[in-house]
Amino acid sequence: MMLEQDTGLSLAIAQIVQRLKGSSLHSQLERQARGSLHKPEIKLESLKEDIKEFLKTSGWEKRLQNAVYSELNVFPSPCHPAAPPEHIKEPLVYMRKAQGSWEKRILKSLNSMCTELSIPLARKRPIGEQKELLNKWNEMGTDEPDLTLFRPVYAPKDFLEVLMNLRNPNYENGDQPSFRNHLGLIQVPLKVKDIPELKDYFSELGLNTGQLGIDDSTEVPPELFENEHIRVGQTVLTEQDSAAAQQYVRQGCPTALRAELWALILNISNQPEDILYYEQLKSNVIQHDLLVDSLIYKDVKLTASNDDYYFVFEDYLYQVLLCFSRDTSVLEHFSYNSATPPKSYIRGVIPFHGFSMYVAPLCFLYHEPSKLYQIFREMYVRFFFRLHSISSHPSGIVSLCLLFETLLQTHLPQLFYHLREIGAQPLRISFKWMVRAFSGYLATDQLLLLWDRILGYNSLEILAVLAAAVFAFRAVNLMEVTSLAAAEAVLADLSTLKVMPLLQIFLFATVT
Amino acid sequence: MATGPAPCTVRSPVALQVGDVKTDLARPGVAVIDVALPSAQPLDLQEIIFKNSYTAFLTVRVQRCRPCDVGRDGARKWVTCLWNHCLMPSPHTEAGSQDYFSLSRHQLLCDVDQVTAMRLILRQPSPFWLHFTLEELLLYPSALQTDFPSWLSYLAPSRTPISITIACLQGVPDPEKVSTEVQQLWVLTEMIRANQTAARIGRFDVDGCYDINLLSYT
């Protein structure tokens, strides 16, 4: 078995070297190494060691470490060499099939919208229109195009229907209720963590560890935790160490340091070539008009513009999302995403109702459009894509739904039974929270504390745990409702909730 | 491995069950796959590669044709070379259920040279799954087994200096010089081939790519 680990390690190293070769970091390192040859401390006899030492002291080794760490976090560990590429996207055949038919449905809907409205999917803008758009690039929100005929391609509840009907053909799915059937809506037997495993996994959220969101409240003197935590955060930023930053944010980010810490974890440095890339995408937007743009406009107008916290960022949202829909580098993530883009030259993440809410909270942290864009893109290819594609990954939406239902059944069985009996399956209410990563449902400071932990643990499982914790918190009221509508009303407003105490109580302080 | 998979016949799995296979409702949790190798070519096994299909535990037994393996009554003994290897850590759930696995000879409990037959015993204790088996089973022999033709070991005599000077006088370029130049060219092409990068070159547009009206399904 030891040899297996070694071959796995060398395969992983080879894969990472392959991906970093030819990147701008590689050429920068080469340039630095060549430039260092003039320095007196580099001697010919010990050339290799001296250059390595130079790269270490000048901070370039750290940048390489951060890049390697980023690759390890994003790309899945190398599969068996015999495994075909579709196996790497998604190992289970029936899930691949389900994702394929879901995609066909979306494309059909998009195509029929095109033919109904007689609008091309893409067209080149005339020069006059290009000039006009360039002039009002920073205030696209003032535009009021006629979007009444457009409708969102799908909403989260349509996606939930698809997930409910997922079945493994090799599984005993009897019609008779038996121990084999799950009591919730999700019927696929994926492995999810139970509370002891979650306690271990989220050990930094425990009762004996300081947290921002709990130990920085006004009653607690800052000398006990907050001051020291901020000091450690500043040290992490000076060291520019991605791995240390990821460990640090598990206890929360101080507001002043959050933007830089997230950029460090996501390995975004806003180099000149990144700004240039964003400008290229902007010129793509100016020159060509896509149907997807109208869908984005409609989504922003329906969701973010109506939200008390986010309506001020409407213009930023257009600047980010319109560019995102033209970014071909996003295509790379389809190698580990179970979804496949439609066959056209333009990349294919088709937005659904609420998609713009992934970007909106980031507008509080980043004000420069190209940096905001890069942060959003990195967050999307690491996390958000899993929330709307069918896969067996532990952070995929199917696993999150199953984790939520299992936690609720195991720890609040009476509540679960009661809600089921009145026709209010809990997942019907919590699904929309998880698909949007709680954006638009929680207060923004609480949402950012939650997203700190998503970055810190590199996993979305915390969304399912929070959803269960919210149900546990309002259990008394929920036991008294007698219909789905009443249950929805009890859980309609989450804006007063404090995320970290809820999570801590549910994981560490509930008597089971 | 340099060599391809060895030829073998893989039979379909046979369930081991007490009672009548057809009428008994209880699901058998054990199945056996027999692999027969051509008797004229006993195999020195290097690696076994397969794709799992809902099997939880695997045991492998082999029959070898070495003299020590023949029992008192003349029949060959079956030797266990892998016992209860776990493929699915949590048999009621999907983890590992459709993954690819490989077992190399150093992971096996006994020596696997001169193998004539193999038996794979599959266990799936969970009653949830309707069928369980292994797919795409391939056996790879050790590289040492390839025959070395004797004429390869015969080295041609090197060129004498006299013949080179004669060639120069006749206007033919010096073969040593040509060969070094060709070697340099070859090294350059190898370097470029070795430095394949996965980084993006940058954006480039294909003419007419923005004029589309419908997206295709396939």
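The model is predicted: local features need pLDDT of at least 70, side-chain atom pairs count only at pLDDT 80 or more, and totals for chains, interfaces and linings use all residues. Residues are numbered from 1 along each chain as its sequence is written, chains are lettered from A and ligands numbered from 1 in the order in which they are written, and side-chain values use heavy atoms, with hydrogens and water left out. Helices (H or I, at least four residues) and strands (E, at least two) are DSSP runs, numbered from the N terminus.

**Helix pair α17(A) and α19(A)**

- Helix α17 of chain A spans residues 397-411, and helix α19 of chain A spans residues 426-435.
- Their axes come within 11 Å and cross at roughly 135°. Axes are lines fitted to C-alpha atoms, for helices over the stretch in contact, and angles run from 0 to 180 degrees between N-to-C directions.
- α17(A) and α19(A) are therefore oblique to each other. Angles under 35 degrees count as roughly parallel, over 145 as roughly antiparallel, 65 to 115 as roughly perpendicular and the rest as oblique.
- The crossing of α17(A) and α19(A) is right-handed. A crossing is right-handed if the near helix is turned clockwise from the far one by less than a right angle, and left-handed if anticlockwise.
- Contact (heavy atoms within 4.5 Å) involves residues including Phe404(A) and Leu408(A) in α17(A), and Phe431(A) and Met434(A) in α19(A).
- By class, this contact of α17(A) with α19(A) has ten nonpolar, one polar and one charged residues. Ala, Val, Leu, Ile, Met, Phe, Trp, Tyr, Cys and Pro count as nonpolar, Asp, Glu, Lys and Arg as charged, and the others, Gly among them, as polar.

**Helix pair α14(A) and α15(A)**

- Helix α14 (residues 291-302) and helix α15 (residues 314-324) of chain A pack at about 150°, with axes 10 Å apart.
- α14(A) and α15(A) are therefore roughly antiparallel to each other.
- Their crossing, α14(A) over α15(A), is right-handed.
- Among the residues that meet are Ile296(A) and Tyr297(A) in α14(A), and Leu317(A) and Tyr318(A) in α15(A).
- The contact of α14(A) with α15(A) has seven nonpolar, no polar and three charged residues.

**Strands around β3(B)**

- Strand β3 (residues 30-36) of chain B runs antiparallel to strand β1 (residues 9-10), joined by two bridges. Two strands pair if DSSP finds at least two bridges between them.
- Thr9(B) stands opposite Ala36(B).
- Strand β2 (residues 14-15) of chain B also pairs with β3(B) in the antiparallel sense, over two bridges. Val14(B) has Val32(B) as its bridge partner.
- Seven bridges join β3(B) to antiparallel strand β8 (residues 115-123) of chain B. Ala36(B) has Ala117(B) as its bridge partner there.
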